[in-house]
Amino acid sequence: MALGLDLDYLERSARGEFDLGWLRDTNSEWGVRAVPSKTGLTMRDIAIGSYGVIPEHAPLRTMAPRGSDVEAGVPDMGYTINDRAEVWADNVLDLYEEAVSRQWSATRDIPWADLVPLDPDVEHAMCQLATVLSEVEMVAADFPAKWLWRINHDFVEAKMFLCTQVMDEARHTEVFRKRALANGGGLGRATAVVERFLQLILDAESYDEGSALMHLLGEGIVLSLFRAGAALAPSPVEQQIFRLCMQDEARHVAYGTMHLRYRLASDPSMAEDFHAYLDQGEEIISMIFATPEIVEPTAILAAGGLEEACALGTAAGDVLRLQIIGDYLKRCAHAGLDRRGRLHLPDSLIDGVPGAVAEVAV
Amino acid sequence: MGAMEAPFPSSAWFVELVSRATSDQAALERLGIADLRLGVEVLIPDGIDEFFGVVLDGYDIGVVGPTDEDTFAPDVVVSGPLDAWREMVDWIEEHGPADSAHSLNGLTIAGVPLVARSEDAMGSDKFYRFMGTVQAIFDAAGAPAPVGTGA
């Protein structure tokens, strides 16, 4: 569509004939003054007046800032996510501020010079874990990036939070790639089963489906791996890497949990859809629990060596398994989705987890 | 800065801890804003258990206690026997910032010797979100102030 150049205005403006005519009859809240809170001027501080009202359904599909006066004839950007419940979470403003405030640098904030030579088996284990994490973390950037341009600009706070997640995941990919290459081990193996789970997230037909699989299930598992990594770290270098990643990952999981909660509160009839998404995800996840490239590095790091891991058996893995599934069930419950009794995990994986009963033996 | 003067566990110990942790406010702010009500429960054998609260609010840190869990309304409680707490504190006082085995994450991950419990998933996830800040505070028992991003 030709916008049409106003030659008359061009001439008048060249003569300095400005009359602010465009400002007359503009919808605005002239006089609004957001007051900074004690940490600065936060997104919550500016969620005031009409500017703080998030529509249930976006009336337009433009990039115009919510609350601005939108000229007639603005183009349709073709957003497909136009309902607030599709992407919103009640904690998203605070999570955005937290994310911005708690950024870190994989170059500057990790004491790389303090890396110490490790037993070859332990170095292999650390490098393999770093390989898997470098692999899986980028999907958590790809997925939000794939959907960001489809989300209506009226939900800009949610889009901004997802942008922080993209940056977080880039840093996680970076820091684990650096760890794999920094101490003589190099990258390990990428497996088909992990890639299948990543594909499931990327190919999700809706944001709801992908968010449940990624924010809730996938990142919940990775969060537990980060916790374990920090607890089993052979040096302060790995402890710092895993701790900083854990903080970021927990934010993403907190968003996913609260998004699902908001979604289900808005439309309880969607519960069965989410159960179906998670059924599918859990079936692949159960295979990951039996993938040597993931199980063995964790066991070796927990025990402090290969021989020690053989002697320890499944004890370390059991701690991780109980934590992963227990935390996952708690998050589902908080979101309003009771997965107890219908987990698509084999009995051997849910053994000992309070309230966990498999619906289908896999 | 020498060893902690106040005995653990006591209100004075937590006040001294926070005073040390906040002695370099710029270093603390580099860790980022935080929002957490952390309960610290010390189980005393054959005695009365002790409960203290640590409040992270933006860049501020506050101490409440002695108190009880219901009054404090924590997001998450880290609980365990006095011996386990004392071993952690003694290690930090002697060596500086906690290593993996003496960190709050390491001590709670298996549910022994300390356990981190919360009413719901958001409480435990907050514990994970602000772990660097929480650990930096406890590390202040053995160091002048948190440095960098939480080592």
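In this predicted model, helix α8(A) and helix α6(B) cross in a left-handed manner. Two packed helices are described by the angle between their axes and the distance between the axes. Here helix α8 of chain A, residues 236–266, packs against helix α6 of chain B, residues 121–129, at an angle of about 155°, and the axes are 8 Å apart. Angles over 145 degrees count as roughly antiparallel, so α8(A) is roughly antiparallel to α6(B).

The table lists the residues that meet in this pair.

| Helix | Residues in the contact |
|---|---|
| α8(A) | M246(A), Q247(A), A250(A), R251(A), V253(A), A254(A), T257(A) |
| α6(B) | A121(B), M122(B), D125(B), Y128(B), R129(B) |

By type, the residues of this contact are seven nonpolar, two polar and three charged.

The contact between the chains as a whole involves 33 residues of chain A and 23 residues of chain B. On the side of chain B that touches chain A, at least two residues come from each of α5 (104–108), α6 and α7 (131–139). Helix α6(B) gives the largest share of that side, six residues. That side of chain B is made up of 10 nonpolar, 10 polar and three charged residues.

Notes:
Residues numbered from 1 in each chain as written. Chains lettered and ligands numbered in written order. Predicted model: local features only at pLDDT ≥ 70, side-chain atom pairs only at ≥ 80, totals over all residues. Axes fitted to C-alpha atoms, helices over the stretch in contact; angles between N-to-C directions. Helix = DSSP H or I, 4+ residues; strand = E, 2+ residues; numbered from the N terminus. Parallel < 35°, antiparallel > 145°, perpendicular 65-115°, else oblique. Left-handed = near helix turned anticlockwise from the far one by under 90°. Contact = placed C-beta atoms within 7 Å. Nonpolar A, V, L, I, M, F, W, Y, C, P; charged D, E, K, R; others polar.
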